[in-house]
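Look at the fold below before reading on. This report goes from the whole chain to its sheets and then to its nonpolar cores.

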Amino acid sequence: MSIAGLTSLERGLKAQLIKQAPKKSGRLVALIEVIDEARLWDDALVDLPPLLAAVQFDTLMERFPLVGCAAAAEVGHRFEGIGTVFWARLEGLLGSAIPFGQRRLLATAYATVAKDFALQEPSNSGFANQFSIIAWPIANALMPYEMAGPIGRLLARGPQLGTTLGRRTDLSRLRAWAQAWEGARLTDWLQAEGPSSRVIQALMTDNARLAVPAASYARIAAAFQHHAAAAMALRAARRRKPETAAKAVVATEPGHLTLDRYGDDLVLSVSWPALPASIADQARAEAIARGWRPMLWGRVRTAAENLFRGVPIPIRLTETPSVETPTFSGLEDVLGDSPVVSSLLGRRVDWSAPAVFLADSDHAEQVQIPCAAKTGNLWILDYAGRCAAFPRLGEVLGAPVRELDLENADHRQFAVTQGWLTGGGKAMGPAVIRGPHDALTLPRGQISADGPLCLFDGETLRIQPTGKRRTDTHGLAVGTSRAEGPDTVGIFVFERETVFDALVEQRLLARLDGASPGARWPVEVMLQIDQEIIVYVREDVVDDGQGLGASSPIIEVLRAEHVRSRLLEAGRGTLRMRIGGHPWDVVPLKRQDGDIDWSLDDPGESLPREAREVAAPAPHPYRFQLTAPTAGAHVRTYQFEDGRLAAPALLEAPTKFGLGDLSSDFGPVEGRRRLRMNGEGLIDVARARRTWATARTASLAAAAARIRVVQQFERPLVIALCGQAWATLELQVPAYVPAGQLLFQAIAPHAVGDQVDHLMETDVLAFARTFSDHIDVACPDWADGGELDDEQADGALASAYAAILAEAQQQGRLLEVDPDDMDFGASGDQWAEAAEGVIKTRQGSPLVSLIAPGTGAKVLERRQFSNQGLAEASAFLAAWTTQWSLPRAQLDLDLACEALQFWLAPGLADPDSGALTIMSRDAFLARTVRYLSLRLRVQP
């Protein structure tokens with residue numbers, strides 16, 4: 001660009017600074033705000049390079065300091081926490097190298113501008129002192145891209161004082177929270193009270209009051225859309241209401257019992273109202289991170305989520321618990337001093353009171369006695385043996401369940417005599433029905449002020465509001481008004497930035513993210529290409545925390561082959577999702593910029609920016625050179641200036657291989673933890689692995705070479721991220737041996753007879769694995785000290801043997817079977833002895849001892865992953881790092897998914913997403929991710 005053009009840009013920036021940031025205003029302004037108001041360019045990464053072409057850095061900073069500072073602020077806006085990346089990107093904008101000795105000119109120019117104008121200066125922090133030059137453009141970036149995640153978590157979870165909409169926001173409490181939970185980067189950003197206050201106000205009001213320029217807010221919004229977890233956190237923050245301190249519920253809260261009949265079996269369940277969201281969310285996160293599965297009355301194991309959301313919990317006991325036995329034990333050890341502890345400790349079941357149920361078909365609800373029912377049946381849990389003369393339905397808790405027909409005069413008179421029914425002469429008021437929210441979240445006998453009541457007198461139904469000043473109505477205690485909580489729900493899409501690739505490769509993952517787990521929501525999904533609707537599907541989805549499974553109609557349709565073909569043909573599209581009547585969440589779909597079209601004479605012409613063709617041979621698959629090998633297996637691709645490799649690469653291989661042709665030598669880079677080092681850093685090795693894993697092949701020989709080479713990448717990456725000690729131990733011991741397989745080894749001599757002797761070793765292993773899966777379903781709590789039903793265990797053993805017979809037949813094999821020894825099973829004492837022996841002698845994998853902290857490592861070891869997918873494992877890993885890892889090693893949901901895919905699917909994980917960078921900084925996190933990936937491989 002001409003000198004005159006640069007002079008014009010310089011004058012435009014100065015005029016805008018005079019207008020927007022005069023020194024006497026006392027209001028500090030970030031340079032990005034000035035740039036956006038001046039509207040000098042649309043996209044800095046696209047528009048700046050031709051503007052600054054052939055201008056040396058020292059010339060730029062001396063003659064046009066404002067233009068140079070503006071270019072650096074654009075790079076600071078995209079800062080990723082690594083100084084070398086900052087300078088590389090700034091050099092990319094200039095089109096020339098910046099000598100190390102000239103870098104100080106940038107800080108000098110910023111300081112000069114700050115003397116004349118009210119420009120934001122770096123805070124006095126460790127980061128600014130260590131990176132004194134780049135701290136200037138980062139401070140003037142208003143909000144760097146990398147801060148979206150921490151700011152989203154701050155607004156969603158931190159103190160609400162900072163979200164007020166006044167002219168000045170007090171950030172002291174926010175900084176204290178950030179220091180404790182997020183670390184130095186967020187704390188440093190909050191030091192600049194002017195820009196950070198405006199950003200917070202803009203985010204919480206969608207910039208309704210123009211706290212920042214509209215163009216600057218568009219940048220901020222784009223940063224949050226770039227990080228899916230940050231966008232979900234911001235949505236949760238906006239729906240937060242000013243809250244008072246949560247009051248611990250200390251009063252005794254009786255549980256509500258229900259009876260269900262399944263054929264000849266009766267199942268007793270208990271439920272309590274859902275906990276308030278203000279205390280349940282924290283308890284839920286801690287329970288997930290600690291792998292806590294509470295045990296009721298010391299014998300009934302259940303999921304923690306069942307306690308928080310108020311769902312019925314089956315009680316499978318052979319005798320009635322003692323009145324003195326607490327419902328829960330050890331709560332303080334898991335949840336500390338959380339308010340939820342007091343709430344749960346107040347939950348009781350009065351086992352001494354008569355258990356009377358009003359039946360409706362095969363379902364019966366416990367009723368308060370005396371009840372006024374005129375028709376139907378009463379089911380009585382007959383502890384005392386008073387109802388021996390009435391029909392017996394079954395047995396629960398070791399006591400018979402009797403049925404009384406209320407239309408039978410003798411039965412009815414007996415119920416009146418026992419005090420279970422009201423006498424015929426007593427006038428009864430109308431039946432009272434609470435509103436759904438009160439029924440789900442408040443104890444029986446309570447209703448919120450302004451909550452609706454339905455009154456039914458047998459003929460008419462009428463709705464009656466509850467006045468605010470009343471303390472009781474129709475026998476119900478009236479509490480405070482129900483606060484409007486975060487009742488909306490959103491859809492969390494994994495890999496949001498690369499959804500196009502996820503759809504094409506048929507691996508799309510999604511889950512609901514709401515404040516009411518267990519709720520059922522109508523979900524609509526629409527896929528468009530231009531204005532044509534390719535897919536529209538609607539499904540009622542339950543928010544169970546496990547994500548949309550492969551059998552979900554939504555996922556099935558989006559993974560269909562015709563959808564994949566249309567997307568590949570168009571290279572673009574739009575994915576729209578919404579729940580109920582909420583606005584559509586729009587996710588743009590676009591083929592990645594680095595895609596190569598190998599059908600062209602010059603494939604490089606298909607790339608959007610300049611790149612050079614490189615190749616790497618199988619013996620050194622991480623070394624990409626300009627000269628392609630003339631023999632042997634090798635991969636060809638294009639490399640951009642920043643070191644990234646275009647995809648897909650092209651793998652070429654001969655039809656025959658020598659003995660060592662596919663043996664790769666990683667000696668020079670083995671154990672190297674530095675991300676970047678002359679093209680052979682950790683991130684370069686990871687990029688090379690992904691390039692080989694996604695390379696196109698035209699022959700079976702090339703496909704075989706790809707598999708072999710990609711496998712050899714794993715060990716050097718394990719050594720680099722987890723350490724030599726971990727890598728050595730990983731080769732010697734298994735990561736996890738399911739308890740069910742150990743139980744099979746203990747019980748086989750007693751329960752299987754001679755059948756095992758007729759099986760090959762591989763079939764015995766398959767028998768043990770299949771039995772482990774079946775026993776986990778039949779008796780899910782046995783390994784945690786729960787009951788092991790010998791009949792269920794015998795059935796699991798027989799089902800597992802039938803499964804391996806069927807599998808062998810599908811493979812064209814007939815296993816040798818002794819028809820005279822087909823009676824599988826063992827006595828109850830033998831099963832109990834085997835289970836007790838496994839629990840006492842079972843030892844964890846030595847790999848767990850290399851993970852810190854030790855308490856968190858034990859949680860990892862206890863956590864079961866049977867029949868769980870990547871979505872649920874990612875949610876667990878994100879919660880675990882929040883609870884147990886240092887702030888620098890905490891992962892959000894997207895990064896947790898990327899981290900697991902780094903080991904589970906080398907071709908899918910993007911090394912530049914940030915997950916690899918975080919793992920390289922913390923070896924304990926890298927070991928945790930590696931351990932979970934090994935567990936997921938063992939337990940699909």
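The protein has 36 helices and 28 strands. Both are DSSP runs numbered from the N terminus: helices are H or I with at least four residues, strands are E with at least two. This is a predicted model, where local features need pLDDT of at least 70, side-chain atom pairs count only at pLDDT 80 or more, and totals for chains, interfaces and linings use all residues. Residues are numbered from 1 along each chain as its sequence is written, and side-chain values use heavy atoms, with hydrogens and water left out.

Of the 940 residues, 49% count as buried. Buried means under 20% relative accessible area, with a 1.4 Å probe and protein chains only. The accessible surface (Shrake-Rupley method, 1.4 Å probe) comes to about 44100 Å². Carbon and sulfur atoms own 51% of that surface. Among contacts (heavy atoms within 4.5 Å) with a separation of 6 or more, 64% join residues 24 or more positions apart.

Now take strand β10, residues 377-381. Four of its five residues are buried, so the rest of the structure largely encloses this strand. β10 pairs with β8 and with β12. Strands pair if DSSP finds at least two bridges between them.

| Strands | Sense | Bridges |
|---|---|---|
| β8 (355-360) and β10 | antiparallel | five bridges |
| β10 and β12 (399-405) | antiparallel | five bridges |
| β25 and β26 (634-639) | antiparallel | six bridges |

L358 stands opposite L378 in β10. I380 stands opposite R402 in β12.

Further along, four strands form an open sheet in the order β25-β26-β27-β28, with mixed pairing. Its edge strands are β25 (612-617) and β28 (696-697), each pairing on one side only. E613 stands opposite Y638 in β26. Helix α25 (residues 682-693) packs on this sheet and touches β25, β26 and β27 (650-652). The direction of α25 makes about 115° with that of β26; axes are lines fitted to C-alpha atoms, for helices over the stretch in contact, and angles run from 0 to 180 degrees between N-to-C directions.

Which residues touch the most other members of the largest nonpolar core? They are W692, L721 and F902, in a core of 83 residues. Such a core is a set of buried Ala, Val, Leu, Ile, Met, Phe, Trp, Tyr and Cys residues joined through side-chain atoms within 4.5 Å. Helix α26 (residues 700-722) gives the largest share of this core, 11 residues. Apart from this core lies another, of 76 residues, including I35, V75, F117 and L155.

Note on methods:
Buried means under 20% relative accessible area, exposed over 50%, partly exposed in between (1.4 Å probe, protein chains only).
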